[in-house]
Amino acid sequence: MNGSNDPVRRYYDELGAREWDRLGKDVAGRVSLEVHRRFLRRFIAPGSRVLEVGAGPGRFTVELAALGSRIVVTDLSEVQLGLNAERLACTQADNCVERRELLDVCDTSRYRDGEFDAVLAYGGPLSYAFERAEAALRGLLRVVHPAGVVVASVISWLGSWRYKLPAVTALAEQVGEDANDATLRTGDLRHVIREGHVCQMFRWSDVEALVTAAGGHLLDGSASNWASLSDPDILARIEANPERWRRFLDHEAAACAQVGARDGGTHILFATRHR
């Protein structure tokens with residue numbers, strides 16, 4: 001594996017089991033989980049053979065298994081792979097896992113051309129590829145057959161700034177406004193941090209450019225959140241009523257899919273296949 005991803009590997013090793021809680025600990029996370037789930041089910045056909053990149057402890061491994069997928073589970077972090085095996089142990093979902101292996105998204109050379117029906121790269125592994133993101137996406141497209149699909153998410157530049165404004169402001173006070181300006185111009189967090197959650201954030205226009213450069217055809221996209229990044233108390237009231245919650249999720253998923261909203265969540269989801 002490439003040493004340039006060591007900070008990311010360390011981050012997820014240290015994050016451990018808390019990664020499972022990321023999409024379940026609050027209402028905004030639970031909405032994001034549902035938007036991700038719906039998007040996945042639009043593009044990955046039941047019974048597909050899937051390469052899951054950045055699988056973590058298995059939130060979406062379970063979703064793929066529910067579709068009857070045959071899954072090669074991969075992650076950069078050995079700790080996360082272990083948690084994936086632990087979470088799925090003695091479940092029906094584990095029967096859908098062909099194997100688990102360490103993988104850097106930037107090196108898929110071990111897999112044959114067209115070996116998979118689909119690739120799922122949720123959680124933003126392409127956001128950790130930095131200058132190699134185009135080559136990484138090209139590699140993901142290579143391993144799916146010509147009619148296959150790559151479904152992925154990247155960390156949203158503008159949505160994260162909006163949602164994390166208090167933390168961004170505090171960080172700017174620590175590192176200086178020049179470094180903060182550089183991050184807000186480029187989406188590259190290496191201007192302000194060297195360890196921890198170091199990543200490249202994207203705008204929707206960046207995703208479009210990335211897919212084109214990698215030789216893909218963009219099928220669709222979505223934000224991970226829209227209204228659900230607002231008042232948590234209001235969201236909790238809505239969630240407490242099953243019928244209101246169902247309606248809200250329908251409206252939220254529809255809003256996230258609008259082109260004008262795709263920069264508005266914490267992540268940007270997209271689906272692409274060979275051009």
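**Before starting.** I reminded myself that this is a predicted model.

**Entry: strand 1.** I began with strand 1, residues 49-52, and checked where its side chains go. Arg-49 and Leu-51 point one way, while Val-50 and Glu-52 point the other way, and all of them are buried.

Next I looked up what strand 1 pairs with. Strand 2 (residues 70-75) runs parallel to strand 1, joined by 4 bridges. Strand 4 (residues 116-121) is also parallel to strand 1, and here I found 3 bridges.

I then followed the chain from strand 1 to strand 2. With helix 4 (residues 59-66), the two strands make a right-handed β-α-β unit.

**Entry: Ser-224.** Where does Ser-224 lie? I found Ser-224 in the loop between strand 6 (216-223) and helix 11. Its relative accessible area is 0%, and because the cut-off for buried is under 20%, I noted Ser-224 as buried.

I looked for side-chain partners too. The side chain of Ser-224 makes a polar contact of 2.5 Å with that of Asn-225, and another of 3.2 Å with the side chain of Thr-266. Beyond four places in sequence, I listed the contacts of Ser-224, among them Val-31, Ser-32, Val-35 and His-36, as well as Cys-256, Gly-265 and His-267.

**Entry: Arg-203.** Is Arg-203 buried or partly exposed? Arg-203 has 30% relative accessibility, so I wrote it down as partly exposed. Its place is in the loop between helix 9 (177-186) and helix 10 (204-213).

I checked Trp-157 next: Arg-203 and Trp-157 are 46 residues apart in sequence, yet their C-alpha atoms are 5.6 Å apart in space. Leaving aside neighbours within four places in sequence, Arg-203 is in contact with Trp-157, Leu-158, Asp-263 and Ile-268.

**Entry: helices 11 and 12.** Last, I looked at how helix 11 (residues 232-239) meets helix 12 (residues 242-257). Their axes come within 6 Å and cross at roughly 115°. On the helix 11 side I noted Leu-235, Arg-237, Ile-238 and Glu-239, which meet Pro-242, Arg-244, Trp-245 and Phe-248 in helix 12. Sorted by class, this contact has 5 nonpolar and 3 charged residues, with no polar ones.

Terms used: Residues are numbered from 1 along each chain as its sequence is written. This is a predicted model: local features need pLDDT of at least 70, side-chain atom pairs count only at pLDDT 80 or more; totals for chains, interfaces and linings use all residues. Side-chain values use heavy atoms; hydrogens and water are left out. Axes are lines fitted to C-alpha atoms, for helices over the stretch in contact, and angles run from 0 to 180 degrees between N-to-C directions. Contact means heavy atoms within 4.5 Å. Ala, Val, Leu, Ile, Met, Phe, Trp, Tyr, Cys and Pro count as nonpolar, Asp, Glu, Lys and Arg as charged, and the others, Gly among them, as polar. Buried means under 20% relative accessible area, exposed over 50%, partly exposed in between (1.4 Å probe, protein chains only). A polar contact is a pair of N or O atoms within 3.5 Å; within protein, one must be able to donate a hydrogen and the other to accept it, and residues adjacent in sequence count only if both atoms are side-chain atoms. Two strands pair if DSSP finds at least two bridges between them. A crossover is right-handed if, with the strands pointing away from the viewer, the path from the first strand over the helix to the second runs clockwise.
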